[in-house]
Amino acid sequence: MKSKIDVADEDENFEKMGLNISGCSEIREVRGNLTCGQAMVCAHYSYGTALVKGCNETMQQNIIDVLNRSSVRLFNEEAFSTKYGHDMASMFVVYCSYMKSITCSDKDFVPVLTQYGLCFTFNSGHNNVLLRSRFEGPGLGLNILLDVQTDENTVGQFSSGLKVIVHDQMTFVNRHNGFNILPGTHASVVVKLRKHIRLPAPYQTKCRQEKLPGIKTYTKDGCVYQCIANKTLTQCGCRRVGLPEPEAVPLCSIQDLECVENSQEKLNVAECSCNSACSEMEYESFVSYSKFPDNSIIQILHQIYGKNESSSYMRENYVFLEVGFQHLAYEIREDVPSYGAESLFGEFGGNMGLFLGCSILTICEFIDFLWQAVMARIRMRNAPHSP
């Protein structure tokens with residue numbers, strides 16, 4: 001958040017908000033008039049000189065040199081994202097409900113650090129409480145009004161708004177599976193649930209289902225990220241952002257940047273052997289948009305809820321999000337063997353009957369014929385001979 005990054009060291013909120021992270025005091029002499037947050041943005045991002053006023057290439061290099069000279073990894077990207085990033089409380093705007101009857105708040109959104117930054121997850125299961133849907137439609141799912149705080153953005157994905165991802169609990173989150181919501185929008189999202197059941201080796205799918213360190217539910221995306229992280233850990237001796245394990249290993253920092261980039265370039269993802277999960281839930285989202293808010297909602301927010309933002313601010317920053325299931329059922333896509341043991345034995349017997357004229361009844365008749373022939377020979381031997 002820009003307001004956090006601009007907080008000076010002398011401000012009383014600098015300590016209260018926990019902005020005095022590792023590295024702030026060490027770079028104090030080389031960052032000039034920049035705050036700690038501004039200096040970290042200047043040094044950490046290659047385009048920091050364009051993002052921070054007063055940051056030039058010389059100052060950027062001086063800050064990096066101080067951080068690199070330390071025997072410990074001073075800059076902690078996870079701490080920086082957590083302390084200086086957006087918080088749900090400031091984005092929350094008066095209204096949140098689930099199935100219309102359950103009131104929710106910013107405390108129901110759990111902050112989760114990912115490789116792309118700080119995310120907030122609803123119904124995450126981290127507190128051992130899971131909410132289950134009993135009704136269809138986005139209006140009877142999660143409904144929430146948010147302020148995306150466009151003016152607070154400093155570093156992002158080159159656009160303002162929200163990234164929404166619908167996913168299973170306790171799983172790896174792939175940012176590319178989500179959808180974007182621009183400010184000033186009412187987004188209505190219906191979710192279609194689909195379950196995939198795949199076959200293990202020796203079938204072609206060669207699915208996997210083992211546990212991954214730090215990722216409780218196996219997915220192909222999680223396996224690929226784990227493989228990349230293991231390569232970084234082996235070559236650089238540090239763990240990547242968003243990977244909680246192994247806890248004893250330090251987080252990769254600015255001095256590891258070149259090594260981390262080299263480890264990625266040398267990695268062939270095909271060598272990771274990351275196949276699809278044997279059992280996996282897919283959440284397919286269908287989104288419709290309309291402008292928000294209209295004049296009536298602006299009046300309600302002003303007069304009933306006491307919001308003092310202007311109508312133009314609301315239309316440039318507010319987002320009303322509705323997410324619900326399309327149906328209270330799910331589609332199953334199951335892989336089955338195209339040629340199993342039953343098919344093999346059935347086809348073998350059919351071919352035997354077709355080409356050899358042989359069947360179970362024929363075999364039984366053949367055995368009976370042999371038995372009768374043997375018994376006849378025995379009776380002939382034992383029969384008395386006339387003189």
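## The hairpin of strand 1 and strand 2

In the hairpin of strand 1 and strand 2, 3 residues lie between the strands, and Met99 takes a positive phi near 55°. Helices (H or I, at least four residues) and strands (E, at least two) are DSSP runs, numbered from the N terminus. This is a predicted model, in which local features need pLDDT of at least 70 and side-chain atom pairs count only at pLDDT 80 or more, while totals for chains, interfaces and linings use all residues. Residues are numbered from 1 along each chain as its sequence is written, and side-chain values use heavy atoms, with hydrogens and water left out.

Strand 1 and strand 2 (residues 102-103) run antiparallel and are joined by 2 bridges; two strands pair if DSSP finds at least two bridges between them. Within this pairing, Ser97 stands opposite Thr103 of strand 2. Strand 1 also runs antiparallel to strand 5, with 4 bridges between them, and here Cys96 stands opposite Ile144. Strand 1 (residues 92-98) is mostly covered, as 5 of its 7 residues are buried. Buried means under 20% relative accessible area, exposed means over 50%, and partly exposed lies in between (1.4 Å probe, protein chains only).

## A nonpolar surface patch

Tyr47, Leu51, Val155 and Phe158 form a nonpolar patch on the surface, and together they have about 400 Å² of accessible area. Patches are made of residues with over 30% relative accessible area and no salt bridge, where like charges are joined within 9 Å and nonpolar side chains (Val, Leu, Ile, Met, Phe, Trp, Tyr) within 5 Å. Accessible areas come from the Shrake-Rupley method with a 1.4 Å probe, and for residues only the protein chains shown count as cover.

Val155 belongs to the loop between strand 5 (142-147) and strand 6 (162-164). Because its relative accessibility is 30%, Val155 counts as partly exposed.

## Salt bridges

A salt bridge is a side-chain nitrogen of Lys or Arg within 4 Å of a carboxyl oxygen of Asp or Glu. By this rule the count comes to 15 salt bridges. One of them joins Arg194 to Glu284, with the closest N and O atoms 2.9 Å apart. This pair links distant parts of the chain, since Arg194 is in strand 8 (residues 185-197) and Glu284 is in strand 9 (residues 279-291), 90 residues apart. Arg194 is buried because its relative accessible area is 5%, whereas Glu284 counts as partly exposed because its relative accessibility is 26%.

A salt bridge also joins Arg333 to Glu331, with closest N and O atoms 2.8 Å apart. Lys192, Arg194, Glu282, Glu284, Glu331 and Arg333 are linked in a network of salt bridges. Elsewhere in the list of pairs, Glu210 and Arg208 meet through their side chains at 2.1 Å, N to O.

## Helix 8

The 17 residues of helix 8 (residues 220-236) should span 24 Å at 1.5 Å a residue, and the end C-alpha atoms are 24 Å apart, so the two values agree. The expected span of a helix is 1.5 Å times one less than its number of residues. After helix 8 comes Gly237, which has a positive phi near 70°.

Which residues of helix 8 are buried? They are Gly222, Cys223, Tyr225, Gln226, Cys227, Ala229, Thr232 and Cys236. An α-helix has 3.6 residues a turn, so residues three or four places apart point the same way. The buried residues of helix 8 pack against helix 9 (257-266), where contact means heavy atoms within 4.5 Å.
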